[in-house]
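Please look over the model shown here before reading my comments, which are set out as numbered points.

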Amino acid sequence: MKEQAKFAYMLIMIALPCFLFGQQKQKIELAALYREAKLESANREIEIVPGGSGDYLKIIENKKEGIAWLPVEDFKDGTIEIEMRGKNVFQRSFIGIAFHGAGDNDYDAVYCRPFNFFASEPVRRIHAVQYVSHPDFTWERLRKERNAVFEKEIINPPDPNDWFVMKLVIDGKTVRAYINNESHPSLTVEKLNDRTSGKIGLFTADSSGGDFKAIKINYKK
């Protein structure tokens with residue numbers, strides 16, 4: 001019996017690191033992905049910046065909207081979590097996630113405007129997190145035709161100059177956005193197109209850059 005117990009203990013010790021490594025692999029360090037030339041950038045230059053808690057990507061500002069596509073072609077339903085950082089500079093910080101992408105101009109996206117997180121004007125605070133569906137449904141069109149439906153105020157907004165996590169939950173036509181593990185979504189919308197799968201990318205709007213550290217992608221089974 002002692003030999004059996006010893007053998008079982010050895011199996012546990014061998015399997016445990018594998019199990020933990022498997023769990024950790026859900027988190028993708030974006031700097032490592034870029035070093036491996038596995039990011040495809042559209043309208044953006046990218047730099048790797050050393051950081052105390054690990055290297056991160058800096059997407060450089062440009063006048064056009066930009067996306068850094070990940071090597072993911074067939075994401076359908078599930079969750080996407082991104083650790084990112086913008087800045088509290090008016091009209092110069094738009095950062096988020098593109099998904100169900102069919103190309104550089106055809107995608108859904110949810111992004112944040114950190115400069116609106118703590119704005120004194122209520123009308124600006126309700127523009128803190130936004131859904132768009134390009135090319136047809138830009139933020140301008142949605143604000144004009146369906147104001148305050150596809151953009152909302154963030155529940156317990158983070159420091160606009162600090163790192164925060166945005167999690168998207170995509171389930172069929174429904175998209176929910178959670179900030180920093182809040183129990184309730186800050187934004188819930190119904191998709192405005194018939195795309196059901198596609199690419200995932202790091203999104204930055206025109207005249208904006210941003211910092212991106214890590215991403216988690218979980219497919220719904």
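This is a predicted model: local features need pLDDT of at least 70, side-chain atom pairs count only at pLDDT 80 or more; totals for chains, interfaces and linings use all residues.

1. The secondary structure of the protein chain comprises 4 helices and 15 strands.

2. Among contacts with a separation of 6 or more, 67% are made by residues 24 or more positions apart.

3. An open sheet is formed by 7 strands, which follow the order β2-β5-β14-β7-β8-β9-β10 with antiparallel pairing. Strands β2 (40-42) and β10 (151-152) stand at the edges and have a single partner strand each, so one side of each is left without a neighbour in the sheet.

4. Within that sheet, strand β7 (residues 95-103) pairs with strand β8 (residues 106-112) in the antiparallel sense, over 6 bridges. For anyone wishing to trace this pairing by eye, I95 has C112 as its bridge partner in β8.

5. The largest pocket has a volume of about 250 Å³, and of the 16 residues that line this pocket, Q91, F94, R113, W139 and R143 are the closest to its centre. Helix α4 (residues 139-145) gives the most to the lining, contributing 3 residues.

6. What classes of residue make up the lining of the largest pocket? The lining is divided into 6 nonpolar, 4 polar and 6 charged residues.

Key:
Residues are numbered from 1 along each chain as its sequence is written. Side-chain values use heavy atoms; hydrogens and water are left out. On a 1 Å grid over the protein atoms alone, a cavity is a set of points where a 1.4 Å probe fits but cannot get out, and a pocket is an open set with protein on both sides within 12 Å along at least five of seven lines; lining residues have an atom within 4 Å of a point. Grid points are joined across faces, edges and corners, and a volume is the space filled by probe spheres set on the points. Helices (H or I, at least four residues) and strands (E, at least two) are DSSP runs, numbered from the N terminus. Ala, Val, Leu, Ile, Met, Phe, Trp, Tyr, Cys and Pro count as nonpolar, Asp, Glu, Lys and Arg as charged, and the others, Gly among them, as polar. Two strands pair if DSSP finds at least two bridges between them. Contact means heavy atoms within 4.5 Å.
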